[in-house]
Amino acid sequence: MPDPAATPDRAQDRAKDRAQAFGVYVHWPFCLSKCPYCDFNSHVRHATIDEARFLRAFEAEIAATAERAPGRTVTSVFLGGGTPSLMQPATVGAILDAIGKRWAVARGVEVTLEANPTSVEATRFRGYRAAGVNRVSLGVQALDDASLKELGRTHTVQEAMDAVAIARANFERYSFDLIYARPRQTPEAWQTELKRAISEAAEHLSLYQLTIEPDTPFATLHKSGKLVTPDDDTARTLYDLTQEICSAAGLPAYEVSNHARPGAECRHNLVYWRGDEYAGIGPGAHGRLDIDGRRHATMAEKRPEAWLTLVETRGHGLVTDEVLLPEERADEFLLMGLRLAEGIDPARYTALSGRTLDSGRIETLAAQGFVARDRNGSLRVTPAGFPVLDAVVADLAA
Ligand SMILES: C[S@@+](CC[C@H](N)C(=O)[O-])C[C@H]1O[C@@H](n2cnc3c(N)ncnc32)[C@H](O)[C@@H]1O
Ligand code: SF4
């Protein structure tokens with residue numbers, strides 16, 4: 001893994017980015033069908049969804065959030081889901097207009113839309129481009145038709161590749177997601193699949209190990225032994241292969257599951273991992289807002305129709321709005337920041353919490369090869385430390 005934080009210039013750039021970054025996340029909570037592994041806030045409705053009514057609610061919540069957090073300059077917008085590519089381009093355009101009406105928007109703002117790679121959705125890509133989207137993130141998930149079927153996906157590999165080609169033709173930036181460590185997946189098969197993915201991906205890939213989420217159909221199948229995932233050793237081999245192949249192809253991991261050419265990182269996701277400020281709009285969306293010097297952790301009602309009712313009656317759908325204690329904020333900073341290859345600035349941890357990280361623990365972890373200090377003072381997890389990231393973070397936060 002390269003060392004993206006090794007020079008002082010880079011450290012200055014990071015500080016500058018941090019001072020300016022403000023992201024807006026907008027959640028579209030519907031999908032055409034529910035994938036059996038997924039525990040995102042996504043819902044299937046058989047009746048037609050009243051998009052105009054949702055749009056009015058998004059506009060109201062954007063206005064209410066901007067009133068609480070005025071004067072920001074938006075550096076990234078992320079339309080996530082669910083399946084936001086089910087929205088009409090005009091709805092997406094109106095959401096972006098509402099954001100632009102309430103906040104200043106940075107020149108070169110990154111506007112990402114998550115899309116499912118079906119042929120129907122790909123026909124809307126040109127419209128999204130015209131509406132102001134400049135990056136798409138496609139949920140390809142697998143380059144193998146049997147796996148796609150097992151994952152409950154409604155597209156084939158061919159359809160996904162066609163959608164990637166349409167994305168390439170319409171957007172200067174695009175990414176796609178794959179899930180690995182799938183049932184029966186061998187290192188050889190993953191190697192071939194990943195190499196094909198890299199040849200199709202221009203600058204960014206998200207590669208997630210299959211997680212068996214509680215209360216999903218996959219969890220039931222897994223428990224009963226009908227769905228068998230690779231054992232720990234095979235999963236580790238698949239992870240190591242992923243790092244090796246991506247790094248060799250110029251797409252190193254800049255975060256646990258995200259790979260990019262240097263400079264092509266998803267700026268919106270960096271907002272989360274670097275502990276910057278973001279607004280959460282829509283059902284179940286989380287936000288982090290700095291108001292009167294205190295960090296507020298917000299979360300909206302998850303159920304789409306209940307969220308609509310809340311927004312229509314009182315202007316926003318928040319059900320949680322907590323001021324984080326300094327130590328909670330610092331722990332979150334550590335937990336999120338150490339996911340990044342660039343690591344964290346320990347001085348910022350101290351500024352947030354009033355505590356310093358235990359130098360004895362850092363020394364021990366460094367001697368084990370799990371963390372390293374860079375010349376600019378950053379503390380980062382090493383490639384050997386990432387597979388045991390949770391333990392490293394728990395040790396440092398203790
Ligand atoms: C919000 S979801 C997907 C967006 C879009 N609806 C789609 O499915 O294409 C974001 C990504 O999380 C990943 N994901 C979701 N559930 C997962 C699980 N249980 N294990 C691993 N990755 C998962 C998938 O790669 C997915 O594309
Ligand atoms: S993986 Fe994507 S399409 Fe499938 S249910 Fe989850 S959000 Fe919807």
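The structure is a predicted model; local features need pLDDT of at least 70, side-chain atom pairs count only at pLDDT 80 or more, and totals for chains, interfaces and linings use all residues. Residues are numbered from 1 along each chain as its sequence is written, chains are lettered from A and ligands numbered from 1 in the order in which they are written, and side-chain values use heavy atoms, with hydrogens and water left out.

Ligand 1 has 17 residues around it. A residue is near a molecule or strand if one of its heavy atoms lies within 4 Å of it. Gly82, Asn116, Gln141, Arg153 and Asp177 come nearest to ligand 1. By class, the shell around ligand 1 holds five nonpolar, eight polar and four charged residues. Here Ala, Val, Leu, Ile, Met, Phe, Trp, Tyr, Cys and Pro count as nonpolar, Asp, Glu, Lys and Arg as charged, and the others, Gly among them, as polar.

For Gln141, the distance is 2.7 Å. For Arg153, a polar side-chain atom lies 2.8 Å from a ligand oxygen. For Asp177, an N or O atom of the side chain is 2.5 Å from an oxygen atom of ligand 1. On its own, ligand 1 has 570 Å² of accessible area, and the protein covers 92% of that area. Accessible areas come from the Shrake-Rupley method with a 1.4 Å probe; for residues, only the protein chains shown count as cover. Strands β4, β5 (173-180) and β6 (204-209) each give two or more residues to the shell around ligand 1. Helices (H or I, at least four residues) and strands (E, at least two) are DSSP runs, numbered from the N terminus.

Around ligand 2 lie Cys31, Ser33, Lys34, Cys35, Tyr37, Cys38, Ser42, Gly82, Thr83, Asn116 and Arg153. The shell of ligand 2 divides into four nonpolar, five polar and two charged residues. Gly82, Asn116 and Arg153 are also among the residues that come nearest to ligand 1.

Most residues other than glycine have a negative phi, and most peptide bonds are trans. Gly81 and Gly82 are joined by a cis peptide bond, with omega about 25°. Gly82 sits in the loop between β2 (73-81) and α3 (89-102). Gln141 is not a glycine, yet its phi is positive, about 70°. Gln141 belongs to strand β4 (residues 135-141). Its relative accessible area is 8%, so Gln141 is buried. Buried means under 20% relative accessible area, exposed over 50%, and partly exposed in between (1.4 Å probe, protein chains only). Asp292 also has a positive phi, near 50°. Asp292 is in the loop between β10 (286-291) and β11 (294-300). With a relative accessible area of 76%, Asp292 is exposed.

Strand β1 (residues 22-28) is mostly covered, with seven of its seven residues buried. In a regular strand the side chains alternate between the two faces of the sheet. In β1, Phe22, Val24, Val26 and Trp28 point one way, and Gly23, Tyr25 and His27 point the other way. Strands β1 and β9 (residues 277-281) pair in the parallel sense over five bridges. Two strands pair if DSSP finds at least two bridges between them. Val24 has Ala279 as its bridge partner in β9. Strands β1 and β2 pair in the parallel sense over six bridges. The bridge partner of Trp28 in β2 is Gly81.

Terms used
Polar contact = N/O pair within 3.5 Å; in protein donor to acceptor, adjacent residues only side chain to side chain.
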